[in-house]
Amino acid sequence: MGAKDGCGCCSCLCGCLFSCLISLVLQILFTVLVIVAVAGFIFWLIFRPNEIKFRVTDASLTQFNFTANENTLHYNLALNVSIRNPNKRIGIYYDHIEANAYYRGQRFDTETVTPFYQGHKNTTVLSPVFKGQQLLTLGGGEVFNFDSEKADGVFGITVRLNLRIRAKLSWIKIGHFKPKIKCGLKVPLTSNGTSPAGAFESTKCSLDL
């Protein structure tokens with residue numbers, strides 16, 4: 001009987017220690033969560049971070065020809081991309097900006113933009129130019145769509161920006177962040193400075209998830 005009582009006491013002690021350990025871990029986790037939440041709230045109160053806004057304000061497409069028997073796209077596309085930092089206390093370092101142009105899901109050109117720093121409440125305009133020729137593999141349906149867009153004088157082109165940025169909070173720099181931005185454009189083809197389809201309409205870009 002004495003041995004069995006000893007085992008029972010030992011099991012009870014182990015159970016109490018385990019329960020105390022679990023309770024302590026939960027208290028620590030709760031405290032950490034509270035601290036993180038309070039720190040995040042204080043950060044928001046001080047810096048009031050707002051989303052950086054990207055918009056293609058102008059696009060000029062003077063050449064966009066696809067040679068079916070050679071599977072070659074000849075293009076000349078110039079863009080003005082407006083980047084607006086609406087924050088009062090946060091500056092942005094753009095350490096790397098890669099602009100990629102796509103047609104029907106296929107990339108036909110890549111341009112790298114010179115890195116820069118953007119201050120508070122500032123708007124910066126980037127002007128990448130995509131010019132040259134590229135092999136594209138378009139199926140019969142895609143060639144039909146190309147011909148339809150050519151007849152209408154407006155082409156659906158997607159531009160994606162791959163970024164590597166840092167944020168400057170007062171004298172503190174944090175990062176690196178790697179957001180991707182997507183701009184779905186309807187670009188009229190111009191000839192001799194005019195386009196029968198009308199002018200390009202300014203287009204808002206969005207985060208590419």
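Tutor: A residue counts as buried under 20% relative accessible area, as exposed over 50%, and as partly exposed in between, with a 1.4 Å probe and protein chains only. The model is predicted, so local features need pLDDT of at least 70 and side-chain atom pairs count only at pLDDT 80 or more, while totals for chains, interfaces and linings use all residues. Residues are numbered from 1 along each chain as its sequence is written, and side-chain values use heavy atoms, leaving out hydrogens and water.

Student: Is asparagine 76 buried or exposed?

Tutor: Asparagine 76 is buried, because its relative accessible area is 19%.

Student: Which strand does asparagine 76 lie in?

Tutor: Asparagine 76 belongs to strand β2, residues 72-85. Strands (E, at least two residues) and helices (H or I, at least four) are DSSP runs numbered from the N terminus.

Student: And which residues does asparagine 76 touch?

Tutor: Leaving aside residues up to four places away in sequence, asparagine 76 touches Ser60, Leu61, Thr62, Gln63, Val129, Phe130 and Lys131. A contact means heavy atoms within 4.5 Å.

Student: New topic: how many helices and strands does the protein have?

Tutor: The protein has 2 helices and 12 strands. Along the sequence, the pattern is α-β-β-β-β-β-β-β-α-β-β-β-β-β.

Student: How much of the protein is buried?

Tutor: Of its 209 residues, 31% count as buried.

Student: Where does valine 25 lie?

Tutor: Valine 25 lies in helix α1, residues 2-47.

Student: Why does valine 25 count as partly exposed?

Tutor: Valine 25 counts as partly exposed because its relative accessibility is 40%.
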